[in-house]
2 protein chains.
Amino acid sequence: MTDFTGVNPADRGSNDADATEYERDSAYRVDPWTLSRTGLDLHTLAASESLYSLANGHIGLRGSLEEGEPRAVPGTYVNGFFEERPLPHAESGYGFPESGETAVNVTDGKIIRLFVGDSPFDMRYGSIEHHERALDLRAGTLDRHTEWTSPSGTPVRVTSRRLVSFAQRSLAAICYDVEPLDGDAYVALQSDLLANESGSTPSSDPRDAAHLDRPLRAEFAAARDSRAVLVHRTRRSKLRVAAGMTHLLEVPDEVETTIEAAGDLARYTVTAKVPRGSRLRLIKLVAYGWSHRRSAPALRDQVEAALSVARLTGWDGLIEQQRNFLDEFWSRADVEIDGDPALQQAVRVSMFHILQSAARAEGQAISAKGLSGVGYDGHTFWDAEVFALPMLTYTMPAAARDHLVWRHATLGEARARAKELGLRGAAFPWRTISGKENSGYWPAGTAAFHVNSAVAAATARYLAVTGDEDFETVAGVELLTETARLWASIGHFNDTEFHIDGVTGPDEYTAIVDDNLYTNVMAAQNLTDAADACERRPEVAATLGVDADEIALWRRAAAGVAMPYNDDLGVHEQSLGFTRHAEWDFAATKKKFYPLLLHYPYFQLYRRQVIKQADLTLAMHLRGDLFTPEQKERNFAYYEARTVRDSSLSAATQAVLAAETGHLELAYDYWAEVAFVDLGDLHGNVDDGLHIAAMGGSWMVAVAGFGGMRDHGGRVTFAPRLPRALQRIAFQLTYGGNVLRVSIRRDGDTGAEEATYEVEAGPGLRTWHHGEPVDVRPDQPVTLPVPVASDVEPVQQPARRAPKRRHSNGR
Amino acid sequence: MTDFTGVNPADRGSNDADATEYERDSAYRVDPWTLSRTGLDLHTLAASESLYSLANGHIGLRGSLEEGEPRAVPGTYVNGFFEERPLPHAESGYGFPESGETAVNVTDGKIIRLFVGDSPFDMRYGSIEHHERALDLRAGTLDRHTEWTSPSGTPVRVTSRRLVSFAQRSLAAICYDVEPLDGDAYVALQSDLLANESGSTPSSDPRDAAHLDRPLRAEFAAARDSRAVLVHRTRRSKLRVAAGMTHLLEVPDEVETTIEAAGDLARYTVTAKVPRGSRLRLIKLVAYGWSHRRSAPALRDQVEAALSVARLTGWDGLIEQQRNFLDEFWSRADVEIDGDPALQQAVRVSMFHILQSAARAEGQAISAKGLSGVGYDGHTFWDAEVFALPMLTYTMPAAARDHLVWRHATLGEARARAKELGLRGAAFPWRTISGKENSGYWPAGTAAFHVNSAVAAATARYLAVTGDEDFETVAGVELLTETARLWASIGHFNDTEFHIDGVTGPDEYTAIVDDNLYTNVMAAQNLTDAADACERRPEVAATLGVDADEIALWRRAAAGVAMPYNDDLGVHEQSLGFTRHAEWDFAATKKKFYPLLLHYPYFQLYRRQVIKQADLTLAMHLRGDLFTPEQKERNFAYYEARTVRDSSLSAATQAVLAAETGHLELAYDYWAEVAFVDLGDLHGNVDDGLHIAAMGGSWMVAVAGFGGMRDHGGRVTFAPRLPRALQRIAFQLTYGGNVLRVSIRRDGDTGAEEATYEVEAGPGLRTWHHGEPVDVRPDQPVTLPVPVASDVEPVQQPARRAPKRRHSNGR
């Protein structure tokens, strides 16, 4: 278990006197491999539940305390499980979805209520001598250590360790110890499965609350020995979920146990006398299964089987499996940062949570909040592909494939949606759980067709990185083809120029525009990737009805795609006419008016040059091959001055382009901002769950920002540079059958930078270092100097919207 | 009373063998001054209730039968009276209204239930020997004549005449006669006031239904003699309405009467023996009052006083007042058409209903459906000013002023809305009853800022026509100033060019565009009118804080306003970039896919060159001074080919521009289409109420289309021409202290056309005939030849969207 040092929060500052604001305001201790804090703060309880959530891509448990209260949002989620609710429209329109999906809090198996003597264990009463929790990124456990004296004066130590197993997909487990600290104690434990927990689906809309307050209808309950199962079904979506629990008990003295199950509650009760110096240990194994097809008995059997396997594995076995899985992950995925311990920690926490959101999803999606909360209703958006999948593709490609398999499984819905919209191919939804469109505001939903190019780009990247021919045959060519068909039917030619009108790009402060440059160039890539895939796999293409004419049309559209450009200003336009719009009066916009969308109507935002999040800048990252270095510099400066970052999806991309255009310190500032989005609760809503895409961005800044990695056309290139504060960044990428380790160092004396490329596994590869080809053979690391960067003109952000300057120990 | 000829519907066709489709499909008899039909058709009952509605701008009664059933929508409305309901949003946004207003069916005073012997009088049972109803456009009454035999075999004649008094604003009255046709009959009459009638607010949304099913809470009830009063209050909007009734009875024999009132029902019961050859006459007087301030006793007293005045006036007096009012109206307003009797009738019906929607509004608005139904929730839109007010301004200016007084009274709301949107001045709502924004879809609501220029243009027109200095001082300058300020804050300068970005013009198949030409040129007029008014009335301007700098800014913006133009095509652009959008595939669009908005998503409509309703064409009408004749011709042809007329607000404007550009037969086709919108139920929704704006369009085609009347800058000019089918069109306009009669005739032999200008009252005036000045003195009519029109290239509409060809008797 984690070694608890028992440091009081007030003492914490002494260890990191030079830490910058993000971590200085944080209650979490800076540590390379754990995220720990002491004390109980009710104000940040919801945020800590999110940050301490455990998941494996299939099951997610928020970090609520075992005793159930105090709590904020006691969520337990199984990926893909949702309830339907009406989507009301003040004025409806053709194609507006009429019902929506919301992830629901399923049967809670985390609860172990404790009574000491005659007092319930509730830290809001009595006195807390010590309380600490720690998320261990290598062990994959959430550890708790509490010393508490009951209101009647009985001191007790409660320790617990909790995991959601990466090895056993259906399983969560809790090891719960109680030790009396002063004399013998009578102790009662109630270990529950509890469905329809109150307060689990907060909503400001009374209509929603009515539908979602008790979404589960009890279908089945059974209990015997220490084992119980509950099966429930949602009222509207008709999905069935089974939760089962079993227990292992270590008791020093007399004990009585009972088991019961009915309706929404199953309970295993342990009553014991625990002598001083001994402890009561309860190991609780919890299993989940859900289905829209399988019967209640079948689901019951499924969770009982999972529990039996887990009992056989035993607690120590589960712990060992968990560590082995994570050792393997970190050995291929770790990002090392020398010179900024807090940032090092934040990046690892981010990578850990992305892993948790995806590792065992197997046919389900990576949602915006992972399995850490029901913000955005638990929906998946385009950012899964653009911001979360790159890390997974290059470190754990099977998890990336899981997500794309889910997209492929929803092709039927996407084709039906395209048809409903009068389009060809597939139109993937802006937001969804099941694959159905859930967007209630079409100018920033349906019109944001770029979600389709995101799916296609992630598919093409996955194929390029893995060469997975099975996936290509079964899903890859089809995903690329159907999205390409969508673009071919959305766009139109004026002579040879291909235009896409009336769409919304990534920047949600601009909507329904012509020739959004990001959309256009990503569509062009999609069309090219589809043409390439169909030519590579003609037998698959034939089954999809693709002929040479269709491929030729795709190539013609890709070649002719419009890239609006303002000759007077010498910059590309985010969309046609964007640069002649009125400017936003940033000087007059007070800090309290951000995020702007809460204080200004869309009308005001859309008609002005104010940008919520990287849009053309993202195009310069993902389609950097289409811009000259000079264009990138000018464009970056122009759009930087108009981007307010009212979205967590912006800073990472700005960091990547800042690094590419030589603004390394700015890139470093943005890196810290994106890495601390959740640890610092920078958007004030980590209560509702983590920002998985921003977490992906933390990795992206290391690799694509300071590593300068690009993978245009499947060719992986690097252009590494360090910010002044850091001595070293190292990362690893798995692709083309190799594991490549890239390490960028600065010489402490000369200040010169060099990069080492090392193939840790695989046959070797060719890459490029600052434009020069490099052949890297196994066991023959190549070290190359980093060219000295030329000076650049500083760029400006809107007033009051510059990122905080990052000062680290190493500076 | 109307002379009922008793013609069977089946015989009707013989009188008008050459009638075209619109009236051939109609059950209404062609007649110059009445709208009558025979028989009872349950399928068109709702439509007939709308067409037979009676109103005076304050009270509106749908034309439901006195006996209550059968009925479709038994509406009784008092102008401005509404209930609030929540406006739900699937995804809310800043500035989205959270509650909406719906006109409610108030206490129904139309009901007089009849029992003959032991049978209720219900025409769905027994047998109908004859049934006819007629709306008399000169008498202002709805007349009914029914001969019916009860299921038990008792024949009876029921005749009624109903009016909503133009002279006594709070009053409606019904004269109801019962005559037994075969032997003595025992007759019972129940004359009701009934609140919270069921089935009165149809809604597909169960949430609405719940709120609006019983919107009225009973506050007070009283009855004595033949008089009763009910006072109710709405649950959310807290508006109070009082309804009162009193009765005059003429009975030939024994009679018993009772009166009662409680809760939602007041009832006067008459039981009488009516000998053969005699009749029972019940005259029912009904009065209404509503207020958001006045107490229940005050409202009660108000309606009782109104009833007393009406009793004193007596039935014959009410009838006489009504005819006097209408004689006066028609003497100043009538439009005469020789050569197309059905069109003549349709135009008069249209004018009558506009008059009914406005005559005694006095501080309330003209809504889209008048007081004939609750389509569009009873809301008022921009079309009141653009399509309904012109007729009133030139024929009954006091009614036009009433509407503008209402707009002025809502300036507080409009200023608050502008502020909420981050704008200056006033932002009038897209749709409203009280003055608060009710629009639930902002791209076609809030973004349609042109409603503000509509208010301003109507204000400027009213001032130019009447020279009403009181109104100018109290309201006119302020309305012009506050709307001008809105434009100044919405638009922005690029050098000297003034641009208005991100707005929606009249065409609802295009939204959120830059430089919508209609919006721009109407805003420019608004700015100019405001500058002129402030310079004309500097003392008023000073109280509004207008200084010379602000006026200079307005003039600079007006002078610099952008008018997008495509040089390659030689046409103006509806909005920037419109003409480079993809074309709609009209050839592939089947008839059943219209209206397009019910079959295609906004996304598909917005990004293509498909136009719901006249937009740039309307700009060429209202700002014709900004276009050359050649530009009008080319623009008209270009936009005509892309306009599908999925709105009733389009055909009239297309007729006006067709006439101006020499397409006289096309203009005639459009005239018929707009005139028969309701009589022919061309949009399939006359059940919900009449299309008041289209009715205004019927007048507009006569005056601005074939009369060629324009009033740019307050200068009234004419360019008359006739379509081949007509021998004569004559109309009258009241302006500048004159009543001008314009008559356009074709010589039957030579085919030559001439126009006569005659001042019927007033000091005389200067006008223009086809560009040449004409001075017209009292009693000195001026007759001038109409220049021979040059041939023009035919224009094309989208496939399957050409108007029906109009063939009339005179052709």
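Which residue stands opposite B:His769 in β32(B)? The model is predicted, with local features requiring pLDDT of at least 70 and side-chain atom pairs counting only at pLDDT 80 or more, while totals for chains, interfaces and linings use all residues. Residues are numbered from 1 along each chain as its sequence is written, and chains are lettered from A in the order in which they are written.

The residue opposite B:His769 is B:Glu772. Strand β31 (residues 765-769) of chain B pairs with β32(B) in the antiparallel sense over five bridges; strands are DSSP runs of E, at least two residues long, numbered from the N terminus, and two of them pair if DSSP finds at least two bridges between them. In chain B, the order β27-β31-β32 makes up an open sheet of three strands with mixed pairing. Because β27 (717-718) and β32 (772-776) of chain B each have a single partner strand, they stand at the edges, and one side of each is left without a neighbour in the sheet.

The largest nonpolar core has 507 residues, and A:Ala655 and B:Ala655 have the most contacts inside it. Such a core is a set of buried Ala, Val, Leu, Ile, Met, Phe, Trp, Tyr and Cys residues joined through C-beta atoms within 7 Å; a residue is buried if 20 or more other C-beta atoms lie within 10 Å of its own, with C-beta atoms placed from the backbone. Helix α11(B) is mostly covered, with 17 of its 20 residues buried.

Chain A can be laid on chain B by a turn of 180° and a shift of 0.0 Å along the axis, with an RMSD of 0.0 Å, superposed by least squares on the C-alpha atoms of residues with pLDDT of at least 70 in both. The two copies are therefore related as by a two-fold rotation axis.

Terms used: Buried ≥ 20, exposed ≤ 12 C-beta atoms within 10 Å, placed from the backbone. Helix = DSSP H or I, 4+ residues; strand = E, 2+ residues; numbered from the N terminus.
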